[in-house]
Amino acid sequence: MGYLKPAAAAVGVQIGGWHDFRHTLSRTLRRAGVHPVVNEDTLGHSKVDLAMNVYDKASAEDIRAGLRVASKKLLGRDLLPNDLLPTTPKQPEEGESAA
């Protein structure tokens with residue numbers, strides 16, 4: 001496992017460790033719309049729900065986005081106040097440093 005940090009550093013990405021990397025990878029795949037079975041296989045899990053239940057948690061932004069979609073679909077417009085949920089720190093996107 002000593003290859004992860006040097007490989008990440010070589011492409012300009014700072015990570016805390018293997019476990020952090022797996023959380024970030026799972027969340028990034030989900031947010032990109034990758035099918036859960038692909039996420040399962042990528043992380044080497046034996047069950048599809050393992051990645052979702054262990055490595056991936058919804059952020060405040062994820063919840064807010066879901067509520068906005070529901071509001072638009074059900075009510076025809078976005079009725080949610082901007083301060084509905086507290087914001088969480090932005091997670092670095094692929095290729096960004098987690099400074």
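Predicted model: local features only at pLDDT ≥ 70, side-chain atom pairs only at ≥ 80, totals over all residues.
Which side chain meets Asp62 in a salt bridge of 3.2 Å, N to O?

1. The partner is Arg31: its side chain and that of Asp62 form a salt bridge at 3.2 Å, N to O. Asp62 sits in helix H5 and Arg31 in helix H2, so this pair ties together parts 31 residues apart in sequence. Arg31 is partly exposed, at 39% relative accessible area.

2. Arg30 also pairs with Asp62. Their side chains meet in a salt bridge of 2.9 Å, N to O. Arg30 belongs to helix H2 (residues 18–31) and Asp62 to helix H5 (residues 60–75), so the contact links parts that are 32 residues apart in sequence. Arg30 is partly exposed, with a relative accessible area of 33%.

3. A further salt bridge joins Asp78 and Arg68, at 2.7 Å, N to O. Arg68 lies in helix H5 and Asp78 in the segment after H5, so the pair ties together parts 10 residues apart in sequence. Buried or exposed: how does Arg68 count? Arg68 is buried, with a relative accessible area of 16%, because buried means under 20%. Asp78 is partly exposed, at 32% relative accessibility.

4. Now the overall picture. The search of the whole structure finds three salt bridges. Shared partners join Arg30, Arg31 and Asp62 into one network. Asp62 bonds with Arg30 and with Arg31. As background, side chains of opposite charge can pair when their charged atoms come close.

Notes:
Residues numbered from 1 in each chain as written. Heavy atoms only, no water. Salt bridge = Lys/Arg side-chain N within 4 Å of Asp/Glu carboxyl O. Helix = DSSP H or I, 4+ residues; strand = E, 2+ residues; numbered from the N terminus. Buried < 20%, exposed > 50% of the residue type's maximum accessible area, 1.4 Å probe, protein only.
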